[in-house]
Amino acid sequence: MSRDRDPRSLRRPARSALIATSVTALSLTASGCVVVHGEREILPSTTRAEAAKALQEFTAAYNEADKAYDGTLDADHTTGALADIDSARLKAGKANNPDGNPNHTPLTLTDAKFTIPKKAGWPRWFVADAAGNKGGTARWLLVFTRSSLDDPFQVAYLTLVAPGKVPQFKKDADGWAEPVPVNSTDLATDPGDLSRTYTTYLKDGGETFTDGPHTSQWRAARQKNSKKPGMVTQYIDEPLTNGDYAPLALRTADGGALVFFTTRHFEKQTAYAGTSVPTPNKDVLALTKGEIKQSFTMEFVSNEVALDPKGRGKVTILGRIQGLTSAEGS
């Protein structure tokens, strides 16, 4: 699968948090009985039984990879933003613990609900909403995608959402959900523009998003950290919208949409002459190239889930998981 990854000389670090919250992905077996002519037929993306099986396969693959700190064990089950976050987490873990994860606790996902859109064309995808034994009381939202009948389902998005915040979805008489086109114009922000709109907001502010930990509070924290004694921190934010990073949206019962999208973030710390950048922790160092002297840049990938209201209004970011994917010192 394609990865919309463009190399950059400036890679931005977000030092203290190697992987702000990292989790894993799941794979689902293809269903020949559901998708006959996926390019033309408007059909459910999969069956409910296959979706349940996918969640089981995901959990097993994640636990194997996490226990061994071996990214090859769940690589077939992840793509897009989640693959970037998860593979970096496992790489750092392996570097510092070659014999495996000494703190491994198996993940369990229960009370699973599946929202499966009825659609034509590719990708085919669905959303799993489950309770986890990690992340407190938050609900785990996993988006499974595949690009052809020959491909397995892989998880591209994984976010955690507070209890009661997952919206009701619009469904037909048979219980199938409705996907929202990325160029839909009946929402506050087109789903296809949400990644760009969000990164613009992080830089310039504005009225597009409701206040909260992933919007106004994050901007305030950046401004506070941008200048500290002996050091300046610069931030660069980029949209990711192509290939496995493409946004996906479901129609909610009130006419709005729940949108999953991806962004990339860089954080560069530069020390004043005569001083040096503080040494990051061992997990960050495991993903760092070059020698850290006067500057240190970290690159993060983040996947977000947002409520995009019908008509006018503000978009609400319900959840965001961000992980460090690389770093560079100079």
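A residue is called buried when its relative accessible area is under 20%, exposed when that area is over 50%, and partly exposed in between, with a 1.4 Å probe and protein chains only. The structure described here is a predicted model, in which local features need pLDDT of at least 70 and side-chain atom pairs count only at pLDDT 80 or more, while totals for chains, interfaces and linings use all residues. Residues are numbered from 1 along each chain as its sequence is written, and side-chain values use heavy atoms, with hydrogens and water left out.

**The chain as a whole**

The chain has five helices and 13 strands, where helices (H or I, at least four residues) and strands (E, at least two) are DSSP runs numbered from the N terminus. Of its 330 residues, 51% count as buried. If a contact is taken to mean heavy atoms within 4.5 Å, then, among the contacts in the chain with a separation of 6 or more, 73% come from residues 24 or more positions apart.

In helix H4 (216-225), the buried residues are Trp-218, Arg-219 and Arg-222. These residues cover an arc of only 100° around the axis, so they lie on the same side of H4; the arc is that of the directions from the helix axis to the C-beta atoms. The face turned away from this buried side carries Gln-223 and Lys-224, which are exposed. What do the buried residues of H4 pack against? Their partners are H3, strand E8 (231-240), E10 and strand E13 (316-329).

The charged end of Arg-219 sits over the ring of Tyr-201, 5.8 Å from its centre, and that of Arg-222 sits over the ring of Trp-218, 4.5 Å from its centre.

**Strand E10 and its partners**

Strand E10 (residues 257-271) has 13 buried residues out of 15, and therefore it is largely enclosed by the rest of the structure.

| Strands | Bridges | Bridge partners |
|---|---|---|
| E8 and E10 | 10 bridges | Gln-234 and Lys-268 |
| E9 and E10 | four bridges | Ala-249 and Val-259 |
| E10 and E12 | 14 bridges | Lys-268 and Thr-297 |

The hairpin of E9 and E10 has five residues between the strands, and in this hairpin Gly-255 takes a positive phi near 95°. Strand E12 (residues 295-308) also pairs with E13, in the antiparallel sense and over 12 bridges, and Glu-304 stands opposite Arg-320 in E13. Strand E11 (residues 288-289), by contrast, runs parallel to E13 and is joined to it by two bridges, with Thr-288 standing opposite Ala-327. E13 itself is mostly covered, since 12 of its 14 residues are buried.

**Aromatic rings**

A search of the whole structure finds eight aromatic pairs, for which the ring centres of Phe, Tyr or Trp (its six-membered ring) must lie within 6.5 Å, with planes under 30 degrees apart counted as stacked, over 60 as edge-to-face and the rest as tilted. One of these pairs joins Tyr-198 and Phe-209, whose ring centres are 5.4 Å apart and whose planes stand at 70°, so the pair is edge-to-face. Tyr-198 lies in helix H3 (residues 194-204) and Phe-209 in the loop between H3 and H4, 11 residues apart. Tyr-198 also forms an edge-to-face pair with Phe-261, at 5.7 Å centre to centre and 80° between the planes, and this pair links H3 to strand E10 across 63 residues of the chain. Tyr-198 and Phe-209 are buried, and Phe-261 is buried too. Elsewhere, Phe-114, Phe-126, Phe-144 and Phe-153 form one aromatic cluster.

**Nonpolar cores**

A nonpolar core is a set of buried Ala, Val, Leu, Ile, Met, Phe, Trp, Tyr and Cys residues joined through side-chain atoms within 4.5 Å. The largest one has 25 residues, and those with the most contacts inside it are Leu-55, Phe-58, Leu-109, Leu-142 and Phe-144. Helix H1 (48-68) is among the elements that each supply at least two residues, and its five residues are the largest share of this core. A second, separate core of 16 residues includes Val-127, Ala-156, Ala-177 and Val-305.

Conventions:
A charge sits over a ring if NZ of Lys or CZ of Arg is within 6 Å of the ring centre and within 35 degrees of the ring normal. Two strands pair if DSSP finds at least two bridges between them.
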